[in-house]
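Dear colleague,

I am passing on the structure below, together with notes on what was found in it. Please read the notes with the coordinates open beside them.

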Amino acid sequence: MDYFSHSWLPYIYLYGVGGIFFFSGVYLVWKTGAIDLSQPHHRTWMKVFFIGYAWFMIVHGIFTILALQL
Amino acid sequence: METFHNIGTSTDWVVMVMYFLAIMLFGTYFGRYTKNTSDFFFGGRRFSWWLITMSIVATGVGSHSFVKYSAKGFEHGFSSSMTYLNDWFFIPFFMFGWLPIIVYSKVRSIPEYFEKRFNPSARFLATILLLFYMIGYIGIGFLTLGKAVIPLLPESFYIFGSLIEITLMRAIVVIAIITGAYITFGGQTAVIFTDLLQGFILLFAGFLLFVLGISYIGGGQEFWDLLPLSWKLPLADFNKPSSFNFVGIFWQDAVAGSIGFLFMNQGLLMRFMACKSVNEGRKAATINILFVLPLSAIVVGNAGWLGKAMSVMDPTIVSPNTSPDEIFVVVASIVTSPGIFGFIMAALTAALMSTVDTLINATAAIFVNDVYRPIMKYLKKVYANDKQKDKEELFAARISSMAITVAGVLSVLAFIQFPTVYEAHGYFHSTLTPPLVVAIFMGVFWKRFTPAGVITTFLGGVVLMILGARFPEVFISPFDHGIEMNPNRPYSYIRALYNLIACVGVGVFVTMTTSFQNSIVSIIKKNKNSNTIMMVLSIITSVIFLLVIIGSSPFQFIFPIFIIVLIPIIITYYGNYDEELSTKGLTVYSINEAKQAFKGSELNEKYGEKVEVKLEVSNHNEDEIMFSKNDLLLLGAEVGDLVYLSDKRKWLGGLKSIHSRFGKSHNKDGIVYLNKDQIENGLFENDKILIAEKEM
């Protein structure tokens, strides 16, 4: 049985369309100066944004691979 | 579908009653820290991130409930966790946009933001929509509580010789009375501390159930092997079935729900506003979304996953036909022993009560701030002093908490027709959040967004949403991503996409055509009968709006055009909007101005360190506290900067603390001078060491 529509298709949609919202948000708060990268703790927050995005991508990716392979 | 009654033993009931009494005593104890409306609603803006993070667990887990995620876990597997793992996309908008704006602009409710950013009419409409949303949310909470408790109760019982049947609504009424008790007399501090305790208990109870269940099945490998492949996948099928599909839930939950959760949930916002600073609020949000929500996904869904594995292992233990909303109770009763089952059920129901309590408290805050105060202002009510004003507002808050509880119970009637709580909640979110979510979002992130734009987004958006609900095959199907339409409950989730597009479309169209509206208004103003013309246009628009709501006119398809064209003209004619003034400190483009306005003077961004001090009593009257010159240098502070002073004991989480300003310096290092009011408000003890830090 083909599980693409139950595994990688929603995954691509989630991090593709969700990513558009996420990266627009990062760009907007940077462009407007709401996040000021000259301040050390704001730089930390910027890193946290990307780590958080990667964290959820990895969690969903690993579970999808485990379900399909094991 | 198989339903259950009388699950559990008398030992379980004893444990449950004891648990509830303990929680209520705990809440009542912290209720004594409520001295004014600021404490009642916001807990005095004093708490540490970890305390708020844990107190959010009970709210988040409660609202997203064991009942509904266990149901979806049973029906569809690990994809029940989707909702808990999709809140990160809007976090940059929240942490560096909305959160600093609501804290620094000192708004006490979301509608108040609309008045500051737009005008009083926008506030009025936002209040109505938000009250609907919050009361509906309370109704969902009560429905879930009722469904959790019914399997434990008998079908009927005798009292004074009469047979009383236990129905879902009757159970909900009794629950509502118990739930309303401590919120009415406790306030936000009581809720935060009760939720803190329950957050820990809830995570423990959820994992305990998971471990016992895995052991009952025979181990982790057996559990994994018993689940069909599609139950193991973390995301649902893209577009089927109509009752649970990925793309619908993405738009309903990851987009509308996440923005609603972060931007519109007054209960949650009040938790973040109870943090001692904006940065502390950011930490609470981050830890909650990155770590606590994924753990919560396991806590709330595992009973459903275990139930599925058991039903595959032996259908006589758990029937595949078990009512999904009852699977949590059924699995918990199978894998636990008497007493433990009572403890788990108590933890579940108490968590749900926490959610409802938070929502009732938040809705009361909206009522006092956006209904009571404006009415008192209109009636020109005069108070003898601030204390009397605060006392009367606190009384209004407590009475409104009770009225809101009753309204929440009544709203259950709107959701009772859905087969599962999950669908009811999904439908509710898809329908009620889009206009407010779009209005807040565009107000914060689009400086050009006008009052005409926001009011037309509310009214025009609602009109288009009503038409969408009435004719889903015409309006919603172009966005359905291939989801089959269920005629009984058409497009429960994907309707969120249509509703969002409708509201965004209206807002953008109206704002982009501002110059056109200005030209029309200037032409009308030149006419000597301009007031009469506008009066007639207003009446026509109101009639059209009513006709769409009633739905009796054959022309209802073209009515939205009139509304979207006429409302902006009416708002522009009667309104007086200065973009520069109205957006100052209220959009993402002017956070620093908001910060300055909050402080009341130039910002001092110099870095300093925390300083340990001992308090001494002074008899000054100003709201400022005095440090030595050397301590000010260490703190990186100047006279007039904002300071946060708290008890050194970190485990108190900021319960004993105050915010103030640095006053003029003295020469006694390690000593801070406070007056009696400050010591009382900060709940400080004379012999304890305090920690001072510059807020900004």
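**Chain A**

The accessible surface of chain A, in this predicted model, comes to about 3800 Å², and carbon and sulfur atoms account for 75% of that area; accessible areas come from the Shrake-Rupley method with a 1.4 Å probe, and for residues only the protein chains shown count as cover. As to conventions, residues are numbered from 1 along each chain as its sequence is written, while chains are lettered from A and ligands numbered from 1 in the order in which they are written. The model being predicted, local features need pLDDT of at least 70 and side-chain atom pairs count only at pLDDT 80 or more, whereas totals for chains, interfaces and linings use all residues; side-chain values use heavy atoms, with hydrogens and water left out.

The secondary structure of chain A consists of 2 helices and 0 strands, where helices (H or I, at least four residues) and strands (E, at least two) are DSSP runs numbered from the N terminus.

A:Y13 lies in helix α1 (residues 8–31) of chain A, and it counts as buried because its relative accessible area is 15%. Leaving aside residues up to four places away in sequence, A:Y13 touches A:G18 as well as B:F238, B:F246, B:V247, B:F250, B:W251 and B:H481 of chain B, a contact being heavy atoms within 4.5 Å. A:Y13 and A:H60 are 47 residues apart in sequence, and their C-alpha atoms are 12 Å apart in space.

**Chain B**

Chain B has 28 helices and 8 strands. A compact globule of 696 residues would have a radius of gyration near 26 Å, so the 27 Å of chain B agrees with that expectation; the C-alpha trace spans about 75 × 75 × 55 Å along its principal axes. Of the 696 residues of chain B, 63% are buried, and among contacts between residues at least 6 apart in sequence, 83% join residues at least 24 apart. Helix α13 (residues 266–273) of chain B is mostly covered, with 8 of its 8 residues buried.

B:Y372 sits in helix α16 (residues 340–378) of chain B and is counted as buried because its relative accessibility is 15%. Residues up to four places away in sequence aside, B:Y372 touches B:F367, B:Y383, B:E392, B:E393 and B:A396, and its C-alpha lies 9.7 Å from that of B:S400, 28 residues away in sequence.

**Confidence**

The model scores ipTM 0.96 and pTM 0.87. Chain B averages a pLDDT of 88, with 95% of the residues scoring at least 70, pLDDT being the predictor's confidence in each residue, from 0 to 100.

With best regards

Methods: The radius of gyration is taken over C-alpha atoms; the globule rule is 2.2 Å times the number of residues to the power 0.38. Buried means under 20% relative accessible area, exposed over 50%, partly exposed in between (1.4 Å probe, protein chains only).
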